[in-house]
Amino acid sequence: RNVMPKTVDGQITMEKTPSYFVTNEAPKRIHSMAKDIKLIVVVRNPVTRAISDYTQTLSKKPEIPTFEVLAFKNRTLGLIDASWSAIRIGIYALHLENWLQYFPLSQILFVSGERLIVDPAGEMAKVQDFLGLKRVVTEKHFYFNKTKGFPCLKKPEDSSAPRCLGKSKGRTHPHIDPDVIHRLRKFYKPFNMMFYQMTGQDFQWEQEEGDK
């Protein structure tokens, strides 16, 4: 609370910490602080998310074992190691269950990480509606950066260069054994289905991965 800016009446204050969603104590603490708070969760295909998580760690610790080694308890038996945080974070249904003990679904907006890339203005329209804001951010505020592979922000009335996320975003993922990806998809599928059911939203992660 001490590091937060002062908020005046009629102003919306936002704060972002990715670990909230997967921290068991967070929903209770947030509820006791502000039970009417609006929560926004950005989710993406859990398989891609796990590989991205590993890529981030690898950039800081090049000596860590391969993704394939970390992903399995037993590679021969194909047992996925769900205790590895890169895997566990993507079991969204499990984490959401914890939040729904304290907050109604109407107070939570789930943003698709995939749609945020292909249609940033569309996803931002939902965010602005959810927060009760006028739709100020529109298509004209985005420019797709082919090098990075995702949209960057620009001020339409300004000639300055678009603002893009830093070097830590858009890193090239290492090659992962296709068999490992297939096993991970199978592992996540029932959890994804549960998540779709809980949220009333189909994020089409199976379809997108060609896993019919």
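Which elements of the protein chain have the lowest and the highest mean pLDDT? Strand 5 (residues 142–145) has the lowest, 78, and helix 5 the highest, 98.

## Model and confidence

This is a predicted model, in which local features need pLDDT of at least 70 and side-chain atom pairs count only at pLDDT 80 or more, while totals for chains, interfaces and linings use all residues. Residues are numbered from 1 along each chain as its sequence is written, and side-chain values use heavy atoms, with hydrogens and water left out.

pLDDT is the predictor's confidence in each residue, from 0 to 100. The protein chain averages 88, and 89% of the residues score at least 70. Helices (H or I, at least four residues) and strands (E, at least two) are DSSP runs, numbered from the N terminus.

## Strand 4

Strand 1 (residues 39–43) runs parallel to strand 4 and is joined to it by 5 bridges; two strands pair if DSSP finds at least two bridges between them. Leu109 of strand 4 is the bridge partner of Ile40.

## Helix 5 against helix 8

Helix 5 (residues 92–99) and helix 8 (residues 178–199) have axes that come within 8 Å and cross at roughly 35°. Axes are lines fitted to C-alpha atoms, for helices over the stretch in contact, with angles from 0 to 180 degrees between N-to-C directions. Tyr92, Ala93, Leu96 and Glu97 of helix 5 meet Phe191, Met194, Phe195, Met198 and Thr199 of helix 8, where contact means heavy atoms within 4.5 Å.

## Nonpolar cores

A nonpolar core is a set of buried Ala, Val, Leu, Ile, Met, Phe, Trp, Tyr and Cys residues joined through side-chain atoms within 4.5 Å. The largest has 19 residues, of which Phe67, Trp84, Ile87, Leu184 and Tyr188 touch the most other members. Helix 8 gives the largest share, 5 residues.

Not counting residues up to four places away in sequence, Phe67 touches Ala50, Ile51, Tyr54, Trp84, Ile176, Val180 and Leu184. Another core, of 18 residues, lies apart from the largest one and includes Leu39, Val43, Phe110 and Phe203.

## Gln204

Gln204 lies in the loop between helix 8 and helix 9 (205–208). Its phi is near 60°, a positive value in a residue other than glycine. Most residues other than glycine have a negative phi. Gln204 counts as partly exposed because its relative accessibility is 38%.

Note on methods. Buried means under 20% relative accessible area, exposed over 50%, partly exposed in between (1.4 Å probe, protein chains only).
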